[in-house]
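Dear colleague,

Please keep it open while you read the notes below.

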Amino acid sequence: MGIVSLSDLDKLFWAGRYCERARGIYERYVALPSDGGVRLDFLARLGIDCNDSSPHIALFGGDGAIVNALRMWRENVLCLRYVLSCRAVIQAEKAVTECEEGNFDNLVLRSYAFFGMTEDLTFDNTARCCVTAGRMCEKLDLLSRFCEDTFAAQDALNRLSAACADSPAVQNMISQSALQLIDGDIRSNNVVTVKSRTPYLESNNEFS
């Protein structure tokens, strides 16, 4: 399994998921029209109830879904300095600092930089595959929630399958039967759910 400990597999997986979650929600939201009903429907698809606040606050406020995802991304990444490159870790730290100051302009850049640096500068194969698996699981979830391009979903599934094939540790987290269920969800236009043999992975899949 390389230098990655079993206890850090979850952190790597969720670093990928939370980073992709923040970016994915942000990019979709800023592309929406200003119509309040459209924005409320958007949040409903994410399972976010914003009865007590505006859609913008529900996502970008101090406890909003995007800010929370960024903080959880950073929390997981900070525990992984020994395996991820310092440059990748810095992307998470800077993203949270900027967004807590109300500056979301670099969020997409930070997330793509993190994934690129993880792929290029992380020498442990298990770590790379685990981050990729988390990212693809989140991407599949978001694509299916918004009934988006099935070709993109199939590509994400292919990349998730490749990560499982390249790492026995990741394959132990996401079984072949789980991949087959995801494929069925894509073909049936259902919301993709990724079940794992590790309870932590299931219980932490929250947007708010």
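**Arginine 28 and its surroundings**

Leaving aside the neighbours within four places in sequence, arginine 28 is in contact with Phe42, Leu142, Leu143, Phe146 and Glu148. Please bear in mind, as you check this, that the model is a predicted one. Arginine 28 lies in helix α1, and it counts as buried because its relative accessible area is 18%, where buried means under 20%.

**The nonpolar core**

The largest nonpolar core has 70 residues, and those with the most contacts inside it are Leu59, Ile66, Trp73, Phe114, Leu160 and Ile174. Helix α1, which covers residues 6-30, gives the most to this core, with 11 residues. If you turn to isoleucine 66 and do not count residues up to four places away in sequence, you will find that it touches Ala22, Ile25, Tyr26, Leu59, Phe60, Phe104 and Leu107.

**Helix α1 against helix α6**

The axes of α1 and helix α6, the latter made of residues 107-121, come within 9 Å and cross at roughly 150°, which means that α1 is roughly antiparallel to α6, since angles over 145 degrees count as such. The crossing in which α1 passes α6 is left-handed. On the α1 side, Ala15, Gly16, Cys19, Glu20, Ala22, Arg23, Tyr26 and Glu27 meet Leu107, Val108, Ser111, Tyr112, Phe114 and Phe115 of α6. Sorted by class, this contact of α1 with α6 has 9 nonpolar, 2 polar and 3 charged residues.

With best wishes

Methods. Residues numbered from 1 in each chain as written. Predicted model: local features only at pLDDT ≥ 70, side-chain atom pairs only at ≥ 80, totals over all residues. Heavy atoms only, no water. Core = buried A, V, L, I, M, F, W, Y, C linked by side-chain atoms within 4.5 Å. Buried < 20%, exposed > 50% of the residue type's maximum accessible area, 1.4 Å probe, protein only. Helix = DSSP H or I, 4+ residues; strand = E, 2+ residues; numbered from the N terminus. Contact = heavy atoms within 4.5 Å. Axes fitted to C-alpha atoms, helices over the stretch in contact; angles between N-to-C directions. Parallel < 35°, antiparallel > 145°, perpendicular 65-115°, else oblique. Left-handed = near helix turned anticlockwise from the far one by under 90°. Nonpolar A, V, L, I, M, F, W, Y, C, P; charged D, E, K, R; others polar.
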